[in-house]
Amino acid sequence: MISDLFSTTVLIGILASGIRLATPYLYASIGEVFGQKSGVLNLGIEGQMLLGAFAAFYVALTTGNLWLGVLVAMIVGAVMGLAMAFVTVNLRAQQGISGIGFYLFGMGVSDLLFQKLLGTVETVKGFPKIFIPGLSDIPGVGEIFFSQNLLVYIAYLLVPIAWFVLNKTTLGLKIRSVGENPDAADSLGVSVARIRYFTIILGGILSAVAGASLSIALLNVFQQNMTSGLGFIAVALVYFGAWKPAGVLGGALLFSMINSLQLWIQVLGIPIPSDIAVMMPYVLTILVLVAAVSRVRAPSALTKPFERED
Amino acid sequence: MNVELRNIHKHFGKVHANNDIHLNIPAGTIQGILGENGAGKSTLMKILSGFIQADSGEILLDNQPVIIHSPADAIHHGVGMLHQDPLDFPPMRVLDNFLLGRAGGLFPDRKTVARDFTRLAAQFDFSLDPDSYVDSLTVGERQQLEILRLLWLGARVLILDEPTTGISASQKEKLFETLRKLAGQGMSIIFVSHKLEDVESLCGAVAVLQAGKLVGEARPPFPTKKLVEMMFGREISLGARQAASSGRSVLELRGVALEDIRFQMSGIDLDVRAGEVIGLAGMEGSGQGAFIRACAGLTRPVGGRVVLNGRDLTGKSYHVFKHGGVSFLPASRLEEGLVPGLSLTEHFVLAEETRGIFIDRTAGHKLAEGRIKAFNIRGTPASPVESLSGGNQQRALLALLKSPLSLVLLEHPTRGLDIESVIYIWSKLKERCKQGAAIVFISSDLEEVLQYSDRVLVFFSGKVSKPLEASKTTVEQLGNLIGGKDWESLDLEKAHVKK
């Protein structure tokens with residue numbers, strides 16, 4: 001019944017899982033913010049996530065070591081990022097197209113490995129909830145914010161860290177300059193190639209962790225194409241968040257809360273067709289993006305390959 | 001710092017852009033480099049500042065041969081270049097722009113850098129706020145920022161590429177003063193321009209490039225006529241002024257009021273007569289842009305009436321104005337006037353009244369060939385517009401104008417063009433006037449305004465002067481007016497006339 005939605009337990013449940021579900025968006029979008037700030041659009045996030053999700057799950061399943069799973073996922077993400085950086089920086093590929101290529105590659109390979117190495121859907125014991133003494137005991141608040149697992153906490157910590165790095169450090173200044181006017185940055189001795197390699201690889205690593213957070217911290221399973229478009233929403237969130245970590249956080253929470261709501265609607269058996277419920281976050285993506293159009297200017301050199309004229 | 005270039009050669013495909021260039025610039029000299037568009041000036045400067053490498057030849061700094069691999073390398077050697085489009089980061093703060101070049105360590109040392117910046121700016125009497133955003137600065141201020149940064153990075157050779165384009169008269173004065181001061185401190189200044197007057201008033205030596213070759217050098221007093229001959233390989237004379245016409249009114253503005261984010265203008269009255277040229281002078285963003293857009297129907301006036309050929313078109317769209325015989329050529333040629341990626345033929349076909357669904361290729365091709373010939377465009381019917389040089393893009397835009405027209409509105413019609421193109425374009429425009437069109441144009445080049453206009457309107461932060469007779473106005477007067485000086489005398493004159 002619809003009235004079930006408004007009981008305290010259910011509301012706390014919706015909010016708590018909303019907070020939790022924002023995790024993969026945060027990792028992936030923060031990585032994408034770095035990339036776009038340096039002028040690189042990575043549309044391959046989804047592929048990197050799927051490979052990261054599989055790598056983490058498989059390692060965790062076979063060794064029982066979750067951290068080793070995360071580490072392997074990060075390595076896989078870094079390798080994907082490296083390949084993407086080579087294609088983007090050295091071969092100066094069209095970023096929209098090459099990104100789709102990386103997505104299809106990641107999806108295909110993760111699917112293949114799943115069939116060869118696992119064959120069926122298995123579960124793994126994921127990261128346990130960590131209770132913070134004192135904070136976790138606060139009624140409501142404790143359950144919503146402070147009874148999550150470690151990957152969730154780290155995802156939220158990334159937001160201020162990313163803001164600080166982008167706005168307060170020399171590295172951040174270089175990243176922004178490369179995304180705004182690479183010619184000028186180059187003339188000042190900033191290596192455009194090195195900065196973009198860095199941001200693309202960082203983006204790969206964070207996307208893979210986003211995937212890992214799904215497979216060994218939130219859902220604790222691996223399925224074919226389990227990200228189902230989440231990586232693309234992460235790209236949209238960067239636009240929505242106007243290239244600011246805090247903006248991305250707001251967007252991620254909005255989507256995850258809606259997602260959480262639709263999950264609970266299904267769980268409670270409220271008579272709304274499940275197809276429509278599942279559609280909600282995606283419809284919202286489109287509406288929000290339309291509303292967000294041209295609010296803030298994108299980095300000037302976004303998607304433009306850099307080449308010193310000769 | 002002593003700069004010497006020896007046997008510099010550079011090819012772009014078949015074009016020999018720099019052909020065996022020798023140049024010696026002693027420390028403390030302001031060296032002018034003259035040449036028309038495509039003469040190889042920019043190529044030579046890009047070689048010296050590390051943006052491109054010469055095919056062969058040598059660069060010596062203080063008699064030491066150096067190899068310059070990149071712009072960063074150049075500044076390391078003490079060579080800094082100020083580009084025509086400033087190499088800066090518009091959405092960032094002035095200070096961020098400033099400190100980027102020397103960003104070492106984990107955190108930028110803002111405090112020290114801010115102190116350095118203020119001290120350096122004070123030295124040259126530049127009033128730049130380190131916390132303002134670069135996109136709020138004028139071209140002249142961005143230039144000042146760039147100069148400060150290059151000096152701070154240790155430049156001892158300063159290359160300036162067309163630095164007087166798009167800046168105000170007072171900013172130009174300040175720039176020249178700064179350059180003289182720097183030269184006095186032993187720096188070498190290389191001043192690239194196609195503006196003879198600038199070069200003559202500033203430089204201690206001039207080298208002229210033509211078609212990739214160094215064709216002559218001169219020292220003051222400069223033989224102007226000879227310099228022009230060397231630049232173009234022949235003599236060129238400016239067209240004579242025509243008598244102001246007093247035809248019927250094409251455009252009437254009655255008490256027009258305009259609003260911008262920055263200012264409000266009201267009570268503008270003007271009659272634009274057929275065959276007449278009206279120049280709009282003023283620093284960028286003083287209201288002339290809004291004014292010309294109001295004449296085109298692109299901006300809706302908040303008050304008053306706009307009457308075109310006797311028809312009240314107040315508040316109507318550009319489309320209606322266009323049908324009434326108005327054409328507007330904006331400043332950003334490629335962004336607003338031409339479609340990158342489309343060929344010349346496709347442009348001419350687009351501009352014609354469209355008939356049917358399919359493109360008549362042969363007719364379009366024929367049309368394009370005719371126009372290319374008539375307007376002396378260096379390109380083929382199939383050339384994409386972005387492959388044309390600035391002057392040729394401007395000619396293409398002129399060729400796109402329909403005929404007959406009653407009013408042509410132009411924004412910076414000759415910005416960045418060499419003298420030959422300027423003269424050509426104005427001769428084409430004057431032809432339009434003879435056919436009965438009126439022309440209203442914006443230019444930051446005061447000489448151009450006085451040379452080609454019959455009457456001039458001056459804009460200063462939203463104020464509009466009464467029409468001034470161009471033949472009775474001097475560059476100095478105009479310069480003072482656009483800087484906001486001497487407006488009282490203008491009002492007095494008006495009062496006088498009224499009596």
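Biologist: How many residues of chain A are in contact with chain B?

Modeller: Contact means heavy atoms within 4.5 Å. Chain B brings 31 residues to this contact, and chain A brings 24 residues.

Biologist: What kind of model is this, and how are residues numbered?

Modeller: Residues are numbered from 1 along each chain as its sequence is written, chains are lettered from A and ligands numbered from 1 in the order in which they are written, and side-chain values use heavy atoms, with hydrogens and water left out. Local features need pLDDT of at least 70, side-chain atom pairs count only at pLDDT 80 or more, totals for chains, interfaces and linings use all residues, and the model is predicted.

Biologist: What area do chain A and chain B bury between them?

Modeller: Buried area is the accessible area (1.4 Å probe) that two parts lose on being put together, summed over both. Carbon and sulfur atoms hold 66% of it here, and the total is about 2100 Å².

Biologist: How many salt bridges are there between chain A and chain B?

Modeller: A salt bridge is a side-chain nitrogen of Lys or Arg within 4 Å of a carboxyl oxygen of Asp or Glu. Between chain A and chain B the count is zero.

Biologist: Which element gives the most to the side of chain A that touches chain B?

Modeller: Helices (H or I, at least four residues) and strands (E, at least two) are DSSP runs, numbered from the N terminus. Helix H6 (150-168), helix H7 (170-180) and helix H8 (182-187) of chain A each give two or more residues. With seven residues, the most comes from H7(A).

Biologist: How many residues does domain 3 of chain B give to the contact?

Modeller: Domain bounds come from an automatic or database domain assignment. Chain B is divided into domain 1 (3-232), domain 2 (237-325 + 404-499) and domain 3 (338-401). Domain 2 of chain B gives 13 residues to the contact, and domain 3 of chain B gives ten.

Biologist: Which residue forms a salt bridge with Arg149(B)?

Modeller: The closest N and O atoms are 3.0 Å apart. The partner of Arg149(B) is Glu146(B).
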